[in-house]
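This briefing goes through selected features of one protein model. Please keep the sequence and the structure in view while reading.

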Amino acid sequence: MLAKRIDLGSKPLGLWDSEVELEKGRLVKLENQKVVYATSDEDAMGFCTLRIETNEGGELTDNNTIPKGKKPVIYTLDKNDIWLTTECDGIEELKIGDKVTCGAEGKLKKAEGDALFEVTEITKAAGVPAVGVRVLK
């Protein structure tokens, strides 16, 4: 799940098909003109989500998976923007002010050193643990 908290200029891009099934709220990149999961801060293009075209499914998590071949919306990572995502490993151990980075399959994880994001909020979205992160670079 992905939600905007503060958007100071992120650009929504939706020109490319997904190479694999994607989870909304994870970091992605372009590889051979297809959208795939990012694996590091350096190659992360932005957070992915999908425009919902129907009202089917009443819960946020009902439309959390982006099918392979769909055009996901990718929100670019502009400095000081804040995003809320449920896609973070070890979210239960995070505290406000912790640094997080892009981990495996585009999921955020606690950083050991330099990082692209800082935790601004720990909450729940649709009953699922979620973390608010501010883009640092």
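A polar contact is a pair of N or O atoms within 3.5 Å; within protein, one atom must be able to donate a hydrogen and the other to accept it. The model discussed here is predicted.

**Ser-18 and its surroundings**

- Ser-18 sits in the loop that links β2 to β3 (22-23).
- The side chain of Ser-18 lies 2.9 Å from the backbone oxygen of Pro-67.
- Ser-18 counts as buried because its relative accessibility is 2%, and the cut-off for buried is under 20%.
- Apart from neighbours within four places in sequence, Ser-18 touches Val-35, Pro-67, Lys-68, Gly-69, Lys-70 and Pro-72.

**The open sheet**

- An open sheet is built from 5 strands, and their order is β2-β8-β6-β4-β5.
- The pairing in this sheet is antiparallel.
- β2 (12-13) and β5 (34-37) are the edge strands; each has a single partner strand, so one side of each has no neighbour in the sheet.
- β2 pairs with β8 (residues 73-76) through 2 bridges, in the antiparallel sense.
- Within this pairing, Pro-12 has Tyr-75 of β8 as its bridge partner.

- Gln-33 is not a glycine, yet its phi is positive, near 60 degrees.
- Gln-33 belongs to the loop between β4 (27-31) and β5.
- With a relative accessibility of 56%, Gln-33 is classed as exposed, since the cut-off for exposed is over 50%.
- Ala-126, also a residue other than glycine, has a positive phi of about 55 degrees.
- The loop between β12 (117-125) and β13 (128-135) holds Ala-126.
- Ala-126 has a relative accessibility of 40% and is therefore classed as partly exposed.

- How many disulfides does the model contain? The count is 0, where a disulfide requires two cysteine sulfur atoms within 2.5 Å.
- Cys-88 takes part in no disulfide, and the nearest cysteine sulfur, that of Cys-102, is 11 Å away.
- Seen from the other end, the closest cysteine sulfur to that of Cys-102 is in Cys-88, and at 11 Å this is too far for a bond.
- Is Cys-88 buried or exposed? Cys-88 is buried, at a relative accessible area of 6%.
- Cys-102 is classed as buried because its relative accessibility is 5%.

Conventions. Residues are numbered from 1 along each chain as its sequence is written. This is a predicted model: local features need pLDDT of at least 70, side-chain atom pairs count only at pLDDT 80 or more; totals for chains, interfaces and linings use all residues. Side-chain values use heavy atoms; hydrogens and water are left out. Two strands pair if DSSP finds at least two bridges between them. Helices (H or I, at least four residues) and strands (E, at least two) are DSSP runs, numbered from the N terminus. Buried means under 20% relative accessible area, exposed over 50%, partly exposed in between (1.4 Å probe, protein chains only). Contact means heavy atoms within 4.5 Å.
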